[in-house]
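Work through the two exercises below with the model open. Try each task before you read its solution.

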Amino acid sequence: MSIGDQAIRNRAFLAPMAGITDRPMRQLAARYGAGLVVSEMIASGALSVGNDDMRRKLMPSPGLPHMVQLAGCDAGWMAAAARIAEDAGADIIDINFGCPAKRVINGYAGSALMRVPDLAERLVEAVVGATPRPVTVKMRLGWDDDSLNAPDIARRAVNAGARMITVHGRTRQQFYKGQARWRPVREVVEAVDVPVVVNGDIVSLDAAREALAQSGAAAVMLGRGAQGQPWLVGQIAAGLAGTPAPAAPEGDELTAIVVEHYEGVLSEYGTEIGVRAARKHLDWYLEAAAVALPKDTRKRLLECTAPAEVIGLVRAIFSNELRQAA
């Protein structure tokens, strides 16, 4: 498939997740076969006035088209941010109509835009008018079950120039609770003539196949399912293509990945912030690998602020030296 002039190598993508899909996470997912990875959500207004953290999020991860997600509710700021993203090397620009967080929707950004279709359409028009890069939109089924208006929003977005639509199979009011509904995404597929991607609860190859069958979508996007296992996106991509999926890394390979990810986060944020930002990833790696640890060992790993000590613990834990029933 392709998004505008950008060829996409397969049908499994890594979703944008604030505070999670930073450059180290995206690099790992890309290396292990993801078809596309997306930056963390970037606030358009903050980016436009030179916020350093927003500019950090713009940094590309090599090997795939550089896809940047912007959020906002002001057409001027969105257009300015799109031009900055293009200058920073963005190949594709995504607009966030899906984030359910209160701090985002209180400014009528994210999934709040599902309630104001005219504004949503104007934002797409502004970004499309500001850059020649292909523009995409990520949304939800609607604000709540009484307003499942994703097909209308998608149609408006495509009419305004969007080249791909991603739909998370929940409403804003569901946040991340309950089960994602893939079947209603089919109405979006039938409403537009651009690729549609289905998102939500894609945690395995079987789930990906079922999501595609129910929705008729062109591709799947993994979010929380990839936490602690960034290789899963590539495994699902291989399975959907009918090629043998690479085995999940174990032993020395898994240890090296966890250490690389930890060191990458420290490099991305600086040591003081990085040692804290990396903790969630360490916890997810433990969970994904089903590692049971004594409480004191887990506490040491997740609370230690000395990088050398953390890396030593990671190597001991994932090489099986410190594993035991909790």
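Contact means heavy atoms within 4.5 Å. Helices (H or I, at least four residues) and strands (E, at least two) are DSSP runs, numbered from the N terminus. This is a predicted model: local features need pLDDT of at least 70, side-chain atom pairs count only at pLDDT 80 or more, and totals for chains, interfaces and linings use all residues. Residues are numbered from 1 along each chain as its sequence is written, and side-chain values use heavy atoms, with hydrogens and water left out.

**Exercise 1.** Find what covers the buried residues of H4, and check the span of helix H4.

*Solution.* Start with burial (under 20% relative accessible area, 1.4 Å probe, protein chains only). Met78, Ala79, Ala81, Ala82, Ile84 and Ala85 are the buried residues of H4. Their cover includes helices H2 (44–48), H3 (52–57) and H6 (117–130), plus strands E5 (67–71) and E6 (92–97).

Now the span. The expected value is 1.5 Å times one less than the number of residues. H4 has 13 residues (75–87), so it should span 18 Å; its end C-alpha atoms are 18 Å apart, which agrees.

Just after H4, Gly89 has a positive phi of about 105°.

**Exercise 2.** Which side chain does the side chain of Asp94 make a polar contact with?

*Solution.* Locate Asp94 in strand E6. A polar contact is a pair of N or O atoms within 3.5 Å; within protein, one must be able to donate a hydrogen and the other to accept it, and residues adjacent in sequence count only if both atoms are side-chain atoms. The partner is the side chain of Gln69, at 2.8 Å. The Asp94 side chain also reaches the backbone nitrogen of Val137 at 3.3 Å.

Notes:
Buried < 20%, exposed > 50% of the residue type's maximum accessible area, 1.4 Å probe, protein only.
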